[in-house]
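Colleague: I have the model open and would like to know what stands behind the words used for it. Could we go through them one by one?

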Amino acid sequence: MRILYVIAEAAPFIKVGGLADVGYGLPRALRAMGHDVRVVLPRYRAIPGSAYDLRPLRPPLPVPLGLAGEIRVVEVEVSEATGVPTYFLWEEGYLGRDQVYGYPDDPQRFIFFCRAALALLRHLDWQPEILHGNDWHTGFLFLWLATVGRRDRFYRPIATVFTIHNMAYQGITGDALLAFGGISEHVDRLEVEPPGHINWLARGIAHADAVNTVSPRYAREILTPEFGFGLEPLLRRRADRLVGILNGLDPEAWDPSTDPALAARFDAEALERRVENKRAVQQAFGLPVREEIPLFAFIGRLIEQKGLPLLLEAAEALFARGIQVAVLGTGMPEYEEALAAWPARFPGQAGVRLAHDERLARLLYGGADVFLMPSKFEPCGLGQMIAMRYGALPLVHAVGGLADTVQDIDVEAGTGFVFSPFSVEAFLTAVDRALALYADRPAWQAAQRRAMSRDFSWSASARAYEDLYRRALAWHNP
């Protein structure tokens, strides 16, 4: 199949979070299956062109904008550094930014990006069978194809798939931006949209031929008020087109036997070498180098979703158990401030680095004993999968992709510690179960080997997407 994969970020070019890892892994897996997959994303200033052999496509791309016939010129570059043709769209006003997100005009920026991605297809003289968009940043694509695109025989046959990576981010804007994107048709308000507004996540859900989330359990959870963030009526209406497909993990990119970021490389048959990474972590975080003390790690965004309120509330009781905790991440100022005080409050036990550091994160995965991921909700999560691959047993809340990937240690095939409900008491009970197992070294290492043997490669997920694409084609062209 011919597939256009549209996304706001993709590793290794530009990465803010797990979305970028999906933008790298899934297209590569589909390409390996023989599909003609092409990726398109904005050309941010932070992308070093020379590092990825970006080559310009000529001539520049004219992109219509608004209803008055304004034309913006977009420069197109292409790279095959990942093995997948990746097109980068540059226009200084909207796309040439230093960061991916966080600007007041983000809605306009991503509408323009979508408009340019659609124009790119004619520029390439290549018509995809499937257009696959990701998250609210691509929601405009689906509304445009359902309105303006229906009048154009070039765009009319294209089936669409929309992937929801996180329901919490919806891209709600004023409906004046419809004209900005060149949509003059009357657009009925969705029942989940505030009057006078457009919800771009909802538009992707409403207009795509097929919709999916990034884990099977999350696909069920978002049909409820607890996890639907106000869009559950729309999701329930489209439940027959909604599936959950677990994200994968690139086994070559995440391999403790070859990872140069580790102080000592290892595999499941050489677990004794992990202690060298543990020592390196303790030194990097200013903690006493003591092998016998259980080392817990938290890596991620410091936001409410990731369970920061719970972690902070449990802090006194957590450290009273005599453990060490290393925290790496950035996020909301109030959480950064609270965590920054930990080393003074819990000397010799807490180490905190308020930074995004890929190399240090890999060292943490390879050296920590327990990986903390007490998320309030989690569409999929990659951290727990990486942790298992690196022999750090995850401690997770039983939601979304965490519940789909981590089997509780109480069962024979257990690979981690799962707690529910979302409470300090349940969390600390899971911590105590982890400490009890840690005291039994043979049982602990057996659990590590089970965790490291789990196959989270993209191949199974890519086959599920292939099936979804075929269903989308059938739904689009009954």
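Colleague: Why is Cys-380 called buried?

Modeller: Cys-380 has 2% relative accessibility. Buried means under 20% relative accessible area, exposed means over 50%, and partly exposed is what lies in between (1.4 Å probe, protein chains only). Cys-380 therefore counts as buried. Cys-114, at 0% relative accessibility, is buried by that rule. A word on the source: this is a predicted model, in which local features need pLDDT of at least 70 and side-chain atom pairs count only at pLDDT 80 or more, while totals for chains, interfaces and linings use all residues. Residues are numbered from 1 along each chain as its sequence is written, and side-chain values use heavy atoms, with hydrogens and water left out.

Colleague: While we are on cysteines, how many disulfides are there?

Modeller: A disulfide is a covalent bond between the sulfur atoms of two cysteines. Here the test is a pair of cysteine sulfur atoms within 2.5 Å, and by this rule the count is zero.

Colleague: What makes the strands a sheet, and in which order do they come?

Modeller: Two strands pair if DSSP finds at least two bridges between them. The elements are DSSP runs numbered from the N terminus: helices are H or I with at least four residues, strands E with at least two. Nine strands form an open sheet with mixed pairing, in the order 3-4-5-2-1-6-7-10-11. Strand 3 (55-65) and strand 11 (242-244) are its edges, as each pairs on one side only.

Colleague: How do you know that strand 2 pairs with strand 5?

Modeller: Four bridges join strand 2 (residues 36-42) to strand 5 (residues 86-90), and the two run parallel. Val-39 stands opposite Thr-86 in strand 5.

Colleague: And what are the partners of strand 10?

Modeller: Strand 7 (residues 159-164) pairs with strand 10 in the parallel sense over four bridges, with Thr-213 as the bridge partner of Ile-164. Strand 11 pairs with strand 10 over three bridges, again in the parallel sense; there Val-211 has Leu-242 as its bridge partner. In strand 10 (residues 210-213), Ala-210 and Asn-212 point one way, Val-211 and Thr-213 the other way, and all are buried.

Colleague: Why are helix 3 and helix 5 called oblique?

Modeller: Their axes come within 7 Å and cross at roughly 45 degrees. Axes are lines fitted to C-alpha atoms, for helices over the stretch in contact, and angles run from 0 to 180 degrees between N-to-C directions. Under 35 degrees counts as roughly parallel, over 145 as roughly antiparallel, 65 to 115 as roughly perpendicular, and the rest as oblique. Helix 3 and helix 5 are therefore oblique to each other. The contact (heavy atoms within 4.5 Å) includes Phe-140 and Leu-143 of helix 3 and Trp-200 and His-207 of helix 5.

Colleague: Last one: why is Phe-456 called buried, although it sits in a loop?

Modeller: At 10% relative accessibility, Phe-456 counts as buried. Its loop lies between helix 18 (441-453) and helix 19 (458-476). Leaving aside neighbours within four places in sequence, Phe-456 is in contact with Gly-248, Leu-249, Met-385, Met-388 and Thr-405. The C-alpha atoms of Phe-456 and Leu-246 are separated by 9.0 Å, although these residues are 210 apart along the chain.
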